[in-house]
Amino acid sequence: MHHEAFIDLNLLSLEVYLPIFWSLFEVKRGIQRFFDFERSDAKLAAVLITPTLILVIGVVAYPLIYSFRMSFGDVEFANIKDYDFVGIFQYVKTFTDPEFIQAIQVSAKFVFSTVLVKLVLGTLIAVMLKEKFFGRSIARALIIIPWATPFVVVGIMWKWMLHSKVGVINFFLQRLGIIHDYIPFLSSKTFAIPCVVLADVWQGTPFFIIIILAGLQTIPEDLYEAAHMDGASGIKAFFTITLPLIRFPLFISTILGTIFAINSFDLFFVLTKGGPGKITTNATLFDWNNAFKFYHLSYASAISYVILMFSMLVTIGYVVLMRKTQVE
Amino acid sequence: MKSKFFTAKKRKKIILYFFLIITMAFFLFPFYWIVMTSIQPKDQLYAPIPNFIPKNITFDNYINILGAGRVNIAIALKNSLIVAVSVTVVCIVFGIFAAYAFARLRFKGSNVLFVALIFAQMLPPVALLIPFYLIFKQVGLTNTLQGLVIMQTSWLLPIVTWILYSYFKTIPKDLEDSARIDGASKVGALMRIIVPVSLPGLVSSGVICFVFSMGEFMGAMALVNVTRFHTLPLALAQFVTKYSIEYGKITASAVLTIIFPVAFVLIFQRYIVKGLTAGAVKE
């Protein structure tokens with residue numbers, strides 16, 4: 001029996017191989033059909049967005065779930081292998097930890113002041129750069145450079161200029177008669193946060209200027225001429241025509257600026273290291289310290305989620321706005 | 001009162017230039033100041049009256065930081081450039097793919113995925129760092145440049161996709177259709193029609209990636225703790241925090257750090273403005 005079965009399967013006969021060829025052919029046709037992008041958008045789309053999805057969803061979503069789980073445990077770096085579920089313990093801790101509450105307050109002060117100053121300054125400078133004058137294009141080009149400056153460098157620049165003994169800002173202020181003695185700005189309880197705001201405003205205002213200026217350029221000139229005929233010009237025209245028409249760029253830059261400011265870390269780290277005391281430790285720096293200095297991984301994860309909730313609220317506003325403009 | 005110098009127009013010009021000079025001084029003086037600091041000998045920096053025009057010029061600071069020292073800026077510069085160029089290339093290629101899919105193809109779930117991308121872009125990076133660190137450590141990506149590339153690419157792809165998406169949307173569909181009638185495939189039309197037309201968008205998102213990558217600090221600090229793989233921001237921060245602060249050397253390193261981003265931004269200034277304002281201003 002065995003012998004006969006063996007004879008049946010004649011390895012030299014072509015017919016034995018036919019099913020194999022046929023299935024290979026099927027596979028090839030399947031592949032061809034799958035990559036026949038002309039017939040179906042979905043397949044091409046699947047191929048095209050897969051790398052982005054893997055990177056963004058994989059490298060972003062998976063870590064989020066990972067740290068979500070961690071925030072309900074009691075993991076320290078030393079006992080990283082054993083995870084005990086402790087429920088919302090870490091979250092309760094965040095809201096009862098005076099240091100974290102202080103850090104939130106620092107963040108709030110910083111976000112509010114830096115966004116407000118950038119918005120006002122950005123609008124004024126954008127209005128100025130919209131005027132026609134000699135050297136306008138050079139001015140517009142040069143004003144973007146601070147935006148391209150890494151925050152660590154921004155921190156170093158301002159740390160040096162704000163130096164308590166040989167800082168050029170102290171020198172100017174003394175010469176102008178505003179201060180009598182040099183002030184140790186960065187180690188002063190009063191001036192530390194304003195100094196971080198100053199450096200951040202220097203770096204971030206150009207972004208606001210670019211967005212607002214682009215908005216200004218869409219306003220047709222004859223609107224102003226018509227308003228001029230009606231006796232409205234100058235400041236009145238600014239409030240009745242300009243501001244309402246650039247409300248969308250203003251919204252967008254405010255929302256993006258708020259998110260940047262919530263996540264601000266480098267400047268705090270380089271300029272003041274959170275000091276003096278904890279005066280300039282914002283929520284992000286506090287989170288970082290807990291994670292990578294004290295290794296309270298679960299507590300830091302919970303803090304991360306609290307920060308994430310705050311920025312999500314802002315983001316939802318952003319997405320709603322984006323969708324709205326697409327519909328319009 | 002009819003003096004030529006005090007017509008309303010003239011007065012407006014004078015006020016304009018006055019504020020313009022103050023504005024430009026505020027934004028540009030810090031650059032001037034770190035360059036000046038970096039080319040002066042050490043003893044001049046601590047003079048009671050700052051030298052606004054240096055008395056002696058020296059390039060010792062630059063020679064010192066580029067040689068093998070405690071903080072080697074040459075290695076950091078090389079690392080930073082490798083990471084930034086890789087991130088830029090990967091982001092542009094994947095960004096083109098994804099943006100085309102979202103802008104031109106109909107498929108189930110495209111809206112949901114697109115919104116998910118925008119949300120991903122808005123996540124606070126610090127919230128991702130602990131899991132990044134632990135996962136990257138498991139697969140051996142901490143203390144590597146590849147790890148930095150993967151992390152930064154995942155942070156930048158959403159914004160690149162968004163910029164290119166708004167670009168592709170502005171390209172008339174007829175342009176693509178006529179190519180398709182001439183027998184080009186969808187992928188062919190993408191490569192031969194859409195990509196060349198949206199070159200400004202590609203340039204602007206490329207520069208944005210490059211600038212971001214050259215400056216990225218927090219994530220790099222979490223993933224890299226070996227001097228050999230330090231990027232420029234890490235090397236600079238180490239300068240500031242670990243050793244006694246030598247401002248001559250620090251400002252020299254800072255100047256080297258900003259040369260590339262600033263040069264690119266100045267060269268491609270127009271494109272960047274278009275890229276940054278994509279979506280923020282209605283066309």
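## Ground rules

This is a predicted model, where local features need pLDDT of at least 70, side-chain atom pairs count only at pLDDT 80 or more, and totals for chains, interfaces and linings use all residues. Residues are numbered from 1 along each chain as its sequence is written, with chains lettered from A and ligands numbered from 1 in the order in which they are written.

## Where A meets B

Chain A puts 76 residues into the contact and chain B puts in 80 (two residues touch if their C-beta atoms, placed from the backbone, lie within 7 Å). On the chain A side, helix α3 (residues 41-71) gives the largest share, 16 residues; helices are DSSP runs of H or I, at least four residues, numbered from the N terminus. That side splits into 59 nonpolar, 12 polar and five charged residues (nonpolar is Ala, Val, Leu, Ile, Met, Phe, Trp, Tyr, Cys and Pro; charged is Asp, Glu, Lys and Arg; the others, Gly among them, are polar).

## A helix pair across the chains

Helix α15 (residues 283-293) of chain A packs on helix α6 (residues 125-138) of chain B at about 10°, axes 10 Å apart (axes are lines fitted to C-alpha atoms over the stretch in contact, and angles run from 0 to 180 degrees between N-to-C directions). So α15(A) and α6(B) are roughly parallel, the word for angles under 35 degrees. T284(A), D287(A), W288(A) and A291(A) meet V126(B), L129(B) and I130(B).

## A residue to look at

Beyond its neighbours within four places in sequence, L236(B) contacts V152(A), V153(A), I156(A), I250(B), S253(B), A254(B) and T257(B).

Note on methods: Helix = DSSP H or I, 4+ residues; strand = E, 2+ residues; numbered from the N terminus. Parallel < 35°, antiparallel > 145°, perpendicular 65-115°, else oblique.
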